[in-house]
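Reader: I would like to learn how to read the features of a structure one by one. Could you take me through this one?

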Amino acid sequence: MASDINEETLLSDSLNNFILDNFESTLKQMESIITKFPESPKKNEYILYKAICNLKLGKFEEALKDLDILEKDNNYNKDFSYYLIRGKVLYYLSKFEESKITFNKGLELNK
């Protein structure tokens, strides 16, 4: 039964789609995982994947909404990749100064 599918199986399927550049399917699958497993310790990872998919699909406002969720979460460890993705999204939204600041934060972490 589909309801018996566990989180790891859903994640594996979605990452396979991600690797194949099937970002629309990956996005839907990540949303499904978040809905089915809202208390998952990997929830922030799934939100970041959503942001990446939205970025790849040109849905920059949606990507920024995902990243804003992570930005507000004090328990989320924002690393270089987070700032790189956020910087790209801001750049594509023509928020150049904010993008530059964000990229610089990422570079500071990557020293």
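**Reading the features**

Author: Gladly, and let us begin with charges: searching the whole structure turns up 5 salt bridges. A salt bridge here is a side-chain nitrogen of Lys or Arg within 4 Å of a carboxyl oxygen of Asp or Glu. This is a predicted model, in which local features need pLDDT of at least 70 and side-chain atom pairs count only at pLDDT 80 or more, while totals for chains, interfaces and linings use all residues. Residues are numbered from 1 along each chain as its sequence is written, and side-chain values use heavy atoms, with hydrogens and water left out.

Reader: Which residue forms a salt bridge with Arg86, and how far apart are the closest N and O atoms?

Author: The partner is Asp68, and the closest N and O atoms are 2.9 Å apart. This pair links distant parts of the chain, with Arg86 in helix H5 and Asp68 in helix H4, 18 residues apart. Helices are DSSP runs (H or I, at least four residues), as are strands (E, at least two), and they are numbered from the N terminus.

Reader: Is Arg86 buried or partly exposed?

Author: The general idea is a scale of relative accessible area: buried means under 20%, exposed over 50%, and partly exposed in between (1.4 Å probe, protein chains only). Arg86 has a relative accessibility of 8%, so it counts as buried.

Reader: Where do Glu24 and Lys59 lie?

Author: Glu24 belongs to helix H2 (residues 23-36), whereas Lys59 is in the loop between H3 and H4, 35 residues apart. Their salt bridge has its closest N and O atoms 3.6 Å apart. Glu24 is partly exposed at 31%, and Lys59 is partly exposed at 33%.

Reader: What separates Lys65 and Glu62 in helix H4?

Author: About one helical turn, because the two are 3 residues apart in that helix. Their side chains meet in a salt bridge with an N to O distance of 3.2 Å. Glu62 is partly exposed, with a relative accessible area of 37%.

Reader: Helix H4 also holds Asp66. What is Asp66 in contact with, leaving aside its neighbours within four places in sequence?

Author: Contact means heavy atoms within 4.5 Å. With those neighbours set aside, Asp66 touches Ile47, Lys50, Ala51 and Asn54. Asp66 sits in helix H4 (residues 60-72), and its relative accessible area of 5% makes it buried.

Reader: Now the rings: how many aromatic pairs does the search of the whole structure find?

Author: Rings of Phe, Tyr and Trp (its six-membered ring) pair if their centres lie within 6.5 Å; planes under 30 degrees apart count as stacked, over 60 as edge-to-face and the rest as tilted. The search gives 7 aromatic pairs. In one of them, Phe18 and Tyr49 have ring centres 5.1 Å apart and planes at 85°, so the pair is edge-to-face. Phe18 is in helix H1 (residues 7-19) and Tyr49 in helix H3 (residues 43-56), so the pair ties together parts that are 31 residues apart in sequence. Tyr91 and Tyr92 also make an edge-to-face pair, because their planes are at 75°, with centres 5.8 Å apart.

Reader: Which residues do ring pairs link into a cluster?

Author: Phe60, Tyr91, Tyr92 and Phe96. Of these, Tyr91 is partly exposed at 46%, and Tyr92 is partly exposed at 48%. Tyr92 is found in helix H5 (residues 80-92). Beyond its neighbours within four places in sequence, Tyr92 is in contact with Leu55 and Phe60.

Reader: What makes the nonpolar surface patch?

Author: Patches are made of residues with over 30% relative accessible area and no salt bridge: like charges are joined within 9 Å, nonpolar side chains (Val, Leu, Ile, Met, Phe, Trp, Tyr) within 5 Å. Areas come from the Shrake-Rupley method with a 1.4 Å probe; for residues, only the protein chains shown count as cover. Here Phe80, Leu84 and Leu107 make a patch of about 240 Å². Leu107 lies in helix H6 (residues 96-109) and is partly exposed at 49%.

Reader: And how many helices and strands does the protein have?

Author: There are 6 helices and 0 strands. Buried residues make up 38% of the 111 residues.
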